[in-house]
Amino acid sequence: MKTRRQNWLTRALARRPREAQRAYRAYQGWKQDPVAAAAPKKIVSRYYQLKTGHAAIGTYLKRIRAQESEACRGCQAPKESIHHLLFECRQWRRQRGTLYQALDRAGVARPTAAEDHPEGRLLGDPKATKALLQFLADTTVGCPPGDLAQAAERARKDDEWGLEALEEAEKIGDG
Ligand SMILES: [Zn+2]
């Protein structure tokens, strides 16, 4: 049992560098963006991960089999997607108000109910960068589980996340 788990973990970690490298190359480009350059590196890197679809949010963590569920960590909604976190999650209502006001100031239209993928529009609009970085700084959206744990109940959450991920992957592997 132990060996199999360790083998899986080794493979899972080996998969990461390729994605990390891609994100890092993108991140280097962003250093030329004065807004991004001025922001703390951890926040810019979360912003990048959201842009590239490789953020530590439910939908992606489930896809890479790092966890079984894609439910929202904040409100238990069934799907923790970028759309949910930016526009719907009730955990971030206050921070969303700040985000929308910042978008107004930047001259970026707020999302409307009729719009299919407002998250794509906002993440692709340089005028929205500052407002989004502020939102990320105000929230734990896209925080890797390890960083989240630092904020609250560090040891317990780390353990749960790591064990669940391993056990799930093992089940999937055994088919
Ligand atoms: Zn939520």
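Arg 65 is placed in the loop that runs between helix H4 (58-63) and helix H5 (82-88), where helices (H or I, at least four residues) and strands (E, at least two) are DSSP runs numbered from the N terminus. The phi angle of Arg 65 is near 60°, a positive value in a residue other than glycine. This is a predicted model, in which local features need pLDDT of at least 70 and side-chain atom pairs count only at pLDDT 80 or more, while totals for chains, interfaces and linings use all residues. Residues are numbered from 1 along each chain as its sequence is written.

**The loop between H4 and H5**

- Arg 65 counts as partly exposed because it has 16 C-beta neighbours inside 10 Å; a residue is buried if 20 or more other C-beta atoms lie within 10 Å of its own, exposed if 12 or fewer, and partly exposed in between, with C-beta atoms placed from the backbone.
- Gln 76 is also in the loop between H4 and H5, and its phi is near 70°, again a positive value in a residue other than glycine.
- Gln 76 counts as exposed, because 10 C-beta neighbours lie inside 10 Å.
- Pro 78 lies in the loop between H4 and H5 and counts as exposed, with 11 C-beta neighbours inside 10 Å.
- Pro 78 and Thr 59 are 19 residues apart in sequence, and their C-alpha atoms are 9.9 Å apart in space.

**Overall make-up of the chain**

- The chain has 10 helices and zero strands, so that the pattern read along the sequence is α-α-α-α-α-α-α-α-α-α.
- Of the 175 residues of the chain, 25% count as buried.
- Among the contacts in the chain with a separation of 6 or more, 54% are between residues 24 or more positions apart, two residues being in contact if their C-beta atoms, placed from the backbone, lie within 7 Å.

**The largest nonpolar core**

- The largest nonpolar core has 29 residues, and those with the most contacts inside it are Tyr 47, Ile 57, Leu 85, Ala 131, Leu 132 and Leu 136; such a core is a set of buried Ala, Val, Leu, Ile, Met, Phe, Trp, Tyr and Cys residues joined through C-beta atoms within 7 Å.
- At least two residues of this core come from each of helix H3 (41-52), H4, H5, helix H6 (93-106) and helix H8 (129-138).
- H8 gives the most to this core, with five residues.

**Helix H8 and its surroundings**

- Thr 129, Ala 131, Leu 132, Leu 133, Phe 135 and Leu 136 are the buried residues of H8, and they pack against helix H2 (34-38), H3, H6 and helix H7 (118-124).
- Not counting residues up to four places away in sequence, Ala 131 touches Leu 99, Ala 102, Leu 103 and Ala 106.
- Val 35, which is in helix H2, is partly exposed, with 15 other C-beta atoms within 10 Å.
- Leaving aside neighbours within four places in sequence, Val 35 is in contact with Thr 129, Lys 130 and Leu 133.
- Val 35 and Lys 127 are 92 residues apart in sequence, yet 9.8 Å apart in space from C-alpha to C-alpha.

**Packing of H3 with H8**

- The axes of H3 and H8 come within 9 Å and cross at roughly 110°; axes are lines fitted to C-alpha atoms, for helices over the stretch in contact, and angles run from 0 to 180 degrees between N-to-C directions.
- H3 and H8 are therefore roughly perpendicular to each other, given that angles under 35 degrees count as roughly parallel, over 145 as roughly antiparallel, 65 to 115 as roughly perpendicular and the rest as oblique.
- Ile 43, Arg 46 and Tyr 47 of H3 make the contact with Leu 132, Leu 133, Leu 136 and Ala 137 of H8.
- The residues of this contact of H3 with H8 divide into six nonpolar, no polar and one charged, where Ala, Val, Leu, Ile, Met, Phe, Trp, Tyr, Cys and Pro count as nonpolar, Asp, Glu, Lys and Arg as charged, and the others, Gly among them, as polar.

**Packing of H6 with H8**

- H6 and H8 pack at an angle of about 165°, with their axes 9 Å apart, which makes H6 roughly antiparallel to H8.
- On the H6 side the contact is made by Gln 95, Thr 98, Leu 99, Ala 102, Leu 103 and Ala 106, and on the H8 side by Lys 130, Ala 131, Gln 134, Phe 135 and Asp 138.
- By class, the contact of H6 with H8 has six nonpolar, three polar and two charged residues.
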